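Visitor: Hey, can we look at this one together? I'd like to talk about the aromatic rings.

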Amino acid sequence: MNVSKCKLLDLPKIADNRGNLTFVESHRHVPFPINRVYYLYDVPGGSERGGHAHKELEQFIVAMSGSFDVILNDGQSERRFTLNRSYFGLYVCPMIWRSLENFSSGAVCLVLASDFYKEADYYRDYDEYVAAKRAREA
Ligand code: TYD
């Protein structure tokens, strides 16, 4: 798995003069079953979130409000994505180190995840992550 597998995906947008509507369906708009939803909000200016990788978890990250950057690193290459609209999001495959930064005031980061919260699924140490990834690919 490397950062080239991670991409921005467009979501349906039902435009209406009463307000727009966007929806997300498992396996249709995101390539995994949605088993958990969580969100980051009230993020103080200058804070960084993330700073870990997941062994199996797949995620889809959307800026519901405001903007922030997601930096993806696979141990060899790195890509930065700016999320700033609620009608597209970033698919993040397993075994990718991610960091989120540059949160605007009032930003809300929605994350759709393929599985329940399991601390055992995390790599929280970058060197350990890179070693595990190399071992998997050997
Ligand atoms: P973490 O995943 O490190 O947050 P982020 O990637 O956004 O910086 O999680 C922060 C804390 O919240 C950590 O103690 C685990 C806990 N947590 C849950 O209990 N359930 C969840 O679904 C998530 C995402 C985190």
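Predicted model: local features only at pLDDT ≥ 70, side-chain atom pairs only at ≥ 80, totals over all residues.

Visitor: How many aromatic pairs turn up in the whole structure?

Guide: A search of the whole structure gives nine aromatic pairs. One of them is W97 with Y126: the ring centres are 5.3 Å apart and the planes sit at 85°, so we call that pair edge-to-face, because over 60 degrees counts as edge-to-face.

Visitor: Where in the chain do W97 and Y126 sit?
Guide: W97 is in strand β10, which covers residues 97-101, and Y126 is in helix α1, residues 126-137. They are 29 residues apart, so the pair links distant parts of the chain.

Visitor: Is W97 buried or exposed?
Guide: W97 counts as buried, because its relative accessibility is 11% and the cut-off for buried is under 20%. Y126 is partly exposed, at 30%.

Visitor: And what about W97 and Y129, how are those rings arranged?
Guide: Their centres are 5.7 Å apart with the planes at 35°, so that pair is tilted. Y129 is in helix α1 and W97 in strand β10, so this pair ties together parts 32 residues apart in sequence. Y129 is buried too, with 0% relative accessibility.

Visitor: Which residues end up in the cluster?
Guide: Ring pairs join W97, Y123, Y126 and Y129 into a cluster.

Visitor: Switching topic: what sits over the ring of Y123?
Guide: That's the charged end of K55, 5.1 Å from the centre of the Y123 ring.

Key:
Residues numbered from 1 in each chain as written. Heavy atoms only, no water. Phe/Tyr/Trp six-rings, centres within 6.5 Å; stacked < 30°, edge-to-face > 60°. Helix = DSSP H or I, 4+ residues; strand = E, 2+ residues; numbered from the N terminus. Buried < 20%, exposed > 50% of the residue type's maximum accessible area, 1.4 Å probe, protein only. Lys NZ or Arg CZ within 6 Å of the ring centre and 35° of its normal.
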